[in-house]
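Please open the model in your viewer and keep the selection tool at hand.

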Amino acid sequence: MGKIRTPQYRIVVADARTKRDGKAIEEIGKYHPKEEPSFIEVNSERVQHWLSVGAQPTGPVKTILKRTGDWQKFKGLTEPAPLKVAEPRDKEAEEAAFQAVLKELVLPENDTKGGESKGRGRKSSGASEKKADKAEKAEKAEKSDAAPATENTGESTTTEPEGEV
């Protein structure tokens, strides 16, 4: 399981006499070490069952079981401190941020130059061109208001009257 440089492990119960990549008896958990914090999912009930019938965990699996507290529970020891848990993701906020970035990347492609549209076979309406022109002029006005008067950027900030250009 996993991709290059992104290991993902399954925690399985297997007979010691079978091949390493052979068929497993049961999958009892997952471990993804590269996530922050590391993703550890263990079916505690099944772990306790297999340990009680004599299953012997490997070294790495024993370490994972100690982190989750399953090994201490089996041995009757005190449980460790709780694991660090990842914060829940707000999918709506992520989607809104993605859409905002997408708009920024897509809108410049829709601008028209010289009265010709970039799209094939599509005719743009005059109203949308006027709106785009007004938006550009408003942006230029905001930029010129925000810029200090003493700064020389090399660009002229003259305003053209609406109408003939």
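In which strand is His32 found? Select residues 26-32: this is strand β4, and His32 belongs to it. Strands (E, at least two residues) and helices (H or I, at least four) are DSSP runs, numbered from the N terminus.

The model is predicted: local features need pLDDT of at least 70, side-chain atom pairs count only at pLDDT 80 or more, and totals for chains, interfaces and linings use all residues. Residues are numbered from 1 along each chain as its sequence is written, and side-chain values use heavy atoms, with hydrogens and water left out.

Stay on His32, which is buried at a relative accessible area of 12%; buried means under 20%, exposed over 50%, and partly exposed in between (1.4 Å probe, protein chains only). Next, display Phe39, the bridge partner of His32 in β5.

Now select β3, β4 and β5. In that order, these 3 strands form an open sheet with antiparallel pairing, where pairing requires at least two DSSP bridges between two strands. The edge strands β3 and β5 each pair on one side only. Between β4 and β5 there are 4 bridges.

Move on to helix α1, residues 44-52, and highlight the buried residues Val47, Gln48, Trp50 and Leu51. Viewed down the axis of α1, the buried residues fall within an arc of 165°, so they line one face of the helix; the arc is that of the directions from the helix axis to the C-beta atoms. On the face turned away from the buried side, select the exposed residues Glu45 and Ser52. Finish at Gly54, which follows α1 and has a positive phi, near 105°.
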